[in-house]
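Thanks for coming, everyone. I'll walk you through one structure today, from charged pairs to domain contacts. Here it is.

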Amino acid sequence: MPKIMIIEDDPAVREELTLLLKNEGYMPLAITEFTDIPDQAAREHPDLILLDIGLPGRDGFSLCAALRKALPVPVIFVTSRDAGVDEVRALSLGGDDYITKPYSVPVLLARIKAVLRRTGGGPEPSDVLEGDGLCLSLTKGVVSANGKTAELTRNELQILACLMACPGQIVSRGDLIETLWDNQIYIDDNTLSVNMTRLRGKLAALGLSDAIKTRRGMGYQL
């Protein structure tokens, strides 16, 4: 179970992140004393750190540099500061990713998994996603249901995987596009519509014509 340290001074955000990570099977460790944080991290040996920039006594930039000197732990900045210069500075100081508030929960979780996967701090991802009558093989790029199988394109695979990772939740068009972008597959809004139509057609051929619902003005739901 990967341990994730939360360095956030806003109690509401800290509690939200703690609950979110716990529900996703991680071991959250929320810092409430903002002195000697590198020493705290060295004692706890987290697999990942979520770091805010605006902290009492010391900003997240200098803290990131100190943390990277203390131990080789990946750091994701989670902050309300959305200026490009701040992101560049954060990454140049050793940050592994930069996410702005208010964050999208599916995107945040996807970024956490991606960083843990790259740094070896998490379990190997499962090759197969299952749910709602679907079985999706990530390595083979095929989806199965009702004894039938359909091959998916790379974009269709990423869209369905994102929806299956958030069963019952509404995933916005923006979140889907950002997830695909994060995986280095360029996709614009119109391309998403085209791929969604094709994916729905393939699911319909498997007997699941209503598997993906459109929630008008909000996004899609599996």
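Salt bridges first: the count comes to seven. Keep in mind that this is a predicted model. Why can such pairs form at all? Side chains of opposite charge can pair when their charged atoms come close.

Start with Glu156 and Lys202. They form a salt bridge, with the closest N and O atoms 2.7 Å apart. Glu156 sits in helix 6, residues 154-164, and Lys202 in helix 8, residues 189-205, so this pair ties together parts that are 46 residues apart in sequence. Is Glu156 buried or exposed? Glu156 is buried, because its relative accessible area is 2%, under the 20% cut-off. Lys202 is at 24% relative accessibility, so Lys202 counts as partly exposed.

There is also a network. Salt bridges that share partners join Glu8, Asp52 and Lys101.

Next pair: Arg81 and Asp86. Their salt bridge has its closest N and O atoms 3.2 Å apart. Arg81 is partly exposed, with a relative accessible area of 37%. Asp86 has a relative accessible area of 11%, so Asp86 is buried.

Now Asp97 and Arg111. Their side chains meet in a salt bridge, 3.1 Å from N to O. This pair links distant parts of the chain, 14 residues apart: Asp97 belongs to strand 5, residues 97-100, and Arg111 to helix 5, residues 105-119. Both Asp97 and Arg111 are buried.

The domain assignment gives domain 1 as 3-120 and domain 2 as 128-221. Taken over C-alpha atoms, the domain centres are 30 Å apart. Where do the domains touch? Four residues of domain 1 are in contact with five residues of domain 2. Between them, the domains bury about 550 Å², with 53% of that on carbon and sulfur atoms. Which residues supply 68% of the area that domain 1 buries against domain 2? Pro106, Val107 and Arg111 do, more than any other three residues.

What about charge across that interface? The count of salt bridges between domain 1 and domain 2 is zero. One residue pair is in polar contact across the interface. On the domain 1 side, the residues touching domain 2 divide into two nonpolar, one polar and one charged.

Over to helix 3, residues 60-70. Its buried residues are Gly60, Phe61, Leu63, Cys64, Ala66 and Leu67. An α-helix has 3.6 residues a turn, so residues three or four places apart point the same way. What covers the buried residues of helix 3? The cover includes strand 1, helix 2, strand 3, strand 4 and helix 4.

Last stop, Gln221. You'll find Gln221 in strand 12, residues 219-221. Gln221 counts as buried because its relative accessibility is 16%, under the 20% cut-off. What does its side chain reach? The Gln221 side chain reaches the backbone oxygen of Gly168 at 2.7 Å. A polar contact of 2.9 Å also joins the side chains of Gln221 and Arg215. Leaving out residues up to four places away in sequence, Gln221 touches Gly168, Gln169, Ile170, Ala211, Ile212, Lys213 and Arg215.

That's the tour. Over to you for discussion.

Note on methods: Residues numbered from 1 in each chain as written. Predicted model: local features only at pLDDT ≥ 70, side-chain atom pairs only at ≥ 80, totals over all residues. Heavy atoms only, no water. Domains from an automatic or database assignment. Contact = heavy atoms within 4.5 Å. Buried area = accessible area lost by both parts, 1.4 Å probe. Salt bridge = Lys/Arg side-chain N within 4 Å of Asp/Glu carboxyl O. Polar contact = N/O pair within 3.5 Å; in protein donor to acceptor, adjacent residues only side chain to side chain. Nonpolar A, V, L, I, M, F, W, Y, C, P; charged D, E, K, R; others polar. Helix = DSSP H or I, 4+ residues; strand = E, 2+ residues; numbered from the N terminus. Buried < 20%, exposed > 50% of the residue type's maximum accessible area, 1.4 Å probe, protein only.
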